[in-house]
Amino acid sequence: MDEQTLQRALLCFQAERPAAYGEFHRGRQPDRLRESQQLSYSEFFRRFLLPNRPCVLSAELTESWRSRQHWVTGQEGEPDFQHLLKHFGDFIVPVANCNVKEYNANPKYNIPFRDYLSYWREHRESGYSSPQGCLYMKDWHMHRVFPDHGAYSTPLFFQSDWLNEYWDTIELDDYRFVYMGPKGSWTPFHADVFRSYSWSANICGRKKWLLFPPGQEEYLKDHSGNLVYDAQSPILQDSNRYPKYSQCCQPIEVVQEAGEVIFVPSSWHHQVYNLEDTISINHNWLNGCNIDTMWQFLQGELTAVQEEISEWKNCMEDWHQHCQLLLKSCTGINYCEFYTFLKIIAKNRIAVLEATSGDSAALQSTLPTELSALGPCHSVFDLHRTKDVLTSVLANEDFSKLDPDLLDPHPEELLHEIKEMTDSIL
Ligand SMILES: O=C(O)CCC(=O)C(=O)O
Ligand SMILES: [Fe+2]
């Protein structure tokens, strides 16, 4: 990140969000960046991350990936079943049945990848029909199983990724996935975990994306507030069930070709169809530009939990603790962990900036390599953002009810440390 972009980003967040944040003109198509290799990180940051806008990056970004060369047959550009079987056949993968609706998703189960590949081959040979239905292998944490396989490399544009940095540090989880599915497989209407961004690259095949700017999801809820399962379903026309649907705008429709990479902004609900047999790699990620969105999302989820169990508030001594427990089971994280998340991100930036100024060069080897690729201005931006969000966390009433012994160091102390660093840089 260059100095000018840092100044612009800081101004942008000081002035709250620009009016155009996430706004999209009716009928407008996302930018398609033809020479994606020529685009600088700072330009991507200013054009897409700051205003939270979608875009599609051209296939040259993924041309050199091993997966694009080895997972796909040369002539047809179709999945190379032999290669995939040889390398990954023994692993257990999650599979969703696209024909079955369970609550607002498809039921998922685990099977050996070799069984999935034989299903997929048979399904193709029978003209894309099968007694088992349409099975979609999704959310396979391939990177966790083969961290050194080198199937792809995360493009620089998406490397400011606090989510995976945090989960890698605590060694519990990650949000890096491989999807493989036959023509006709699809993902129902949703927004991503913690309202994060997603980037998704087609290794082979094509996808159709329906993207809805933030806020449109309100018109796609039924009278009880439940999100529709299929944003193209005729039941939306039933105004008794979906009273606000008539106000909904047409979704932005994007066809993503083989090799192309789509950037899906924060809080944009979407629905995705595989138009051909398709393999894709995607990450959920977030950073200084949308960390406040995650924090708002967590507060909203906690409020929903509190409303749900409000009748026990006065008769349960540890009601607030229970709410935190439920928050974790609904979203995957509670307030205490959110604090640890901010702490890890801030501490890494402080260490990088100290190393850059020559104070402790030895520290650098333990820090995420992405931080040096993005440059010291990015660490400064990140620190400012952790400071802003931590300030809001500290003012939060529910956060003040947490057991202080669980928070190390004390949040005020961490905030002071961050401020010392940002003040010394100004
Ligand atoms: O490719 C798909 O089926 C879904 C991908 C998705 O929802 C995402 O990348 O956020
Ligand atoms: Fe998604």
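Trainee: What's the strand order in the open sheet?
Mentor: The nine strands run S1-S2-S11-S8-S13-S6-S5-S3-S4, and the pairing is mixed. Strands here are DSSP E runs of at least two residues, helices are H or I runs of at least four, and both are numbered from the N terminus. Two strands pair if DSSP finds at least two bridges between them.

Trainee: Which strands stand at the edges?
Mentor: S1 (31–33) and S4 (108–112). Each has a single partner strand, so one side of each lacks a neighbour in the sheet. The twist averages 25° from one strand to the next.

Trainee: Before we go on, is this predicted or experimental?
Mentor: This is a predicted model: local features need pLDDT of at least 70, side-chain atom pairs count only at pLDDT 80 or more, and totals for chains, interfaces and linings use all residues. Residues are numbered from 1 along each chain as its sequence is written, while chains are lettered from A and ligands numbered from 1 in the order in which they are written.

Trainee: Back to S4. How many bridges join S3 to S4?
Mentor: Five, and the two strands run antiparallel; S3 covers residues 92–97. For one of the pairs, Val 93 has Ile 111 in S4 as its bridge partner.

Trainee: And what does H5 touch on the sheet?
Mentor: H5 (residues 113–125) touches S3, S4 and S5 (135–140). Its direction makes about 100° with that of S4. Contact means C-beta atoms, placed from the backbone, within 7 Å. Axes are lines fitted to C-alpha atoms, for helices over the stretch in contact, and angles run from 0 to 180 degrees between N-to-C directions.

Trainee: Where does Tyr 128 lie?
Mentor: In the loop between H5 and S5. Tyr 128 has a positive phi of about 60° although it is not a glycine. Most residues other than glycine have a negative phi.

Trainee: Why does Tyr 128 count as partly exposed?
Mentor: Because it has 13 C-beta neighbours inside 10 Å. Buried takes 20 or more other C-beta atoms within 10 Å of a residue's own, exposed 12 or fewer, and partly exposed is in between, with C-beta atoms placed from the backbone.

Trainee: What is phi for Asp 139?
Mentor: Positive, about 60°, and Asp 139 is not a glycine. Asp 139 is found in S5. With 17 other C-beta atoms within 10 Å, Asp 139 is partly exposed.

Trainee: New topic. What surrounds ligand 1?
Mentor: The shell includes Tyr 179, Asp 192, Lys 207, His 270 and Asn 282. A shell residue has its C-beta atom, placed from the backbone, within 6 Å of the molecule. S8 (197–204), S12 (269–274) and S13 (278–285) each supply at least two shell residues.

Trainee: How do the shell residues divide by type?
Mentor: Three nonpolar, six polar and two charged. Ala, Val, Leu, Ile, Met, Phe, Trp, Tyr, Cys and Pro count as nonpolar, Asp, Glu, Lys and Arg as charged, and the others, Gly among them, as polar.

Trainee: Is Ser 267 buried or exposed?
Mentor: Buried, with 23 other C-beta atoms within 10 Å. Ser 267 lies in the loop between S11 (261–264) and S12.

Trainee: Last one. At what angle do H10 and H12 cross?
Mentor: Roughly 145°, with the axes of H10 (residues 335–356) and H12 (residues 376–394) coming within 9 Å. The residues of their contact divide into 11 nonpolar, three polar and two charged.

Terms used: Contact = placed C-beta atoms within 7 Å.
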